[in-house]
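Subject: Structure for your review

Dear colleague,

Please find below the structure that I am handing over to you. My notes on what was found in it follow directly after.

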Amino acid sequence: MSESRFSKKGKFEIAMFGRSNVGKSSIVRELTGHKVRVGKRPGVTLKPTVVKRSDLVVTDHPGFGFMSGVKERKQDIVKDRIVRGIEKNSDEISLALLVIDAPSFVDVVGRWESRNEIPIDIEMFDFLAELEVDTIIVPNKMDKVENENEELDEIISRFGLLKPWTKWKYVVAPSSAKKGDLGVLKSLIRERLHDSKRDDLLKYL
Ligand code: GDP
């Protein structure tokens, strides 16, 4: 990856994406100590929440996909805005986190595929890859998963990655924000900061 990607504006931007209710706000709070409201009514805001710690910027994009009480039309607007925003600013995103609900992910994907539709998370993953945005998949709520390795194997295969998931530890960070268990994710982010010669930002994580 080119260095210019990071040095452009002197900031290191971590962009978070995911469906509503997967735990994005909880992760931002755990990562940065910033008290964002958890469990808020999903999908009511279209603007990303931005948390800045010096040059480390975390942008939490609004949840896409199904949102209870929000009309389908608005869901499309949210998705389109996110997609257009990424297209326009992809070279400013140093790292994307695609957060998914680990316990329900495989079922949800199955339901979409049975309707011959591409699940929105997978569409987003492919889209980020196309734009060459470095992306980490964050299966969250791992505390609710029984057979972790089996579930993770199933999850990554839905993204088109070959099992076992342990081959993909550089891009998969099993997490439990609720339990404060973000060790794997934090070390992957630290590695990225180090690789981008931004050790000065390590202290903010
Ligand atoms: P967001 O809509 O993606 O920002 O999700 P939130 O952070 O608001 O979390 C949605 C719900 O999931 C809340 O009730 C959280 O307490 C819960 N939650 C978040 N992370 C975890 C986790 O790791 N495990 C479990 N069991 N629940 C979680």
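The notes below go from the overall fold to individual residues.

This is a predicted model, in which local features need pLDDT of at least 70 and side-chain atom pairs count only at pLDDT 80 or more, while totals for chains, interfaces and linings use all residues. Residues are numbered from 1 along each chain as its sequence is written, and side-chain values use heavy atoms, with hydrogens and water left out.

Overall fold

The protein has 7 helices and 5 strands; helices (H or I, at least four residues) and strands (E, at least two) are DSSP runs, numbered from the N terminus. Their order, read from the N terminus, is α-β-α-β-β-α-β-α-α-β-α-α. Of the 205 residues in the protein, 48% are buried. Here buried means under 20% relative accessible area, exposed means over 50%, and partly exposed lies in between (1.4 Å probe, protein chains only).

Aromatic cluster

Which residues form one aromatic cluster? They are Phe105, Phe125 and Phe159. Rings of Phe, Tyr and Trp (its six-membered ring) are paired if their centres lie within 6.5 Å; planes under 30 degrees apart count as stacked, over 60 as edge-to-face and the rest as tilted. By this rule there are 2 aromatic pairs.

The pair of Phe105 and Phe159 is stacked, because the ring centres are 5.2 Å apart and the planes lie at 10 degrees. This pair links distant parts of the chain, 54 residues apart: Phe105 belongs to helix 4 (residues 102-114), and Phe159 to the loop between helix 6 (148-158) and helix 7 (183-195). Both Phe105 and Phe159 are buried.

The pair of Phe125 and Phe159 is edge-to-face, since the ring centres are 5.0 Å apart with the planes at 65 degrees. Distant parts of the chain are linked here too, with Phe125 in helix 5 (residues 120-130) and Phe159 in the loop between helix 6 and helix 7, 34 residues apart. Phe125 is buried, as is Phe159.

Within helix 5, the buried residues include Ile120, Asp121, Ile122, Met124, Phe125, Phe127 and Leu128. An α-helix has 3.6 residues a turn, so residues three or four places apart point the same way. The C-alpha atoms of Met124 and Ile82 are separated by 9.6 Å, although these residues are 42 residues apart along the chain. Ile82 is placed in helix 3 and counts as buried because its relative accessibility is 6%.

Positive surface patch

Helix 3 (residues 72-89) also contains Arg81. Arg81 is partly exposed, because its relative accessible area is 45%. Together with Lys47, Arg84 and Lys88, Arg81 forms a positive surface patch. Patches are made of residues with over 30% relative accessible area and no salt bridge, with like charges joined within 9 Å and nonpolar side chains (Val, Leu, Ile, Met, Phe, Trp, Tyr) within 5 Å. A salt bridge is a side-chain nitrogen of Lys or Arg within 4 Å of a carboxyl oxygen of Asp or Glu.

Strand 2

Thr49 lies in strand 2 (residues 49-53) and is partly exposed, because its relative accessible area is 30%. Thr49 and Asp60 are 11 residues apart in sequence, and their C-alpha atoms are 5.0 Å apart in space. Val50 is also in strand 2; Val50 counts as partly exposed because its relative accessibility is 44%. Between Val50 and Ala15, 35 residues apart in sequence, the C-alpha to C-alpha distance is 9.3 Å.

Backbone geometry

Most residues other than glycine have a negative phi, and most peptide bonds are trans.

- Asn116, a residue other than glycine, has a positive phi near 60 degrees. Asn116 is found in the loop between helix 4 and helix 5 and is exposed, because its relative accessible area is 74%.
- Glu132 is not a glycine, yet has a positive phi of about 60 degrees. Glu132 follows helix 5, in the loop between helix 5 and strand 5 (135-140). With a relative accessible area of 60%, Glu132 is therefore exposed.
- The peptide bond from Lys163 to Pro164 is cis, with omega near -5 degrees. Pro164 is found in the loop between helix 6 and helix 7.

With kind regards

Definitions and conventions: Areas by Shrake-Rupley, 256 points an atom, 1.4 Å probe, with all protein chains shown as cover. Lys, Arg positive; Asp, Glu negative; His and termini not counted. Charge placed at Lys NZ, Arg CZ, Asp CG, Glu CD.
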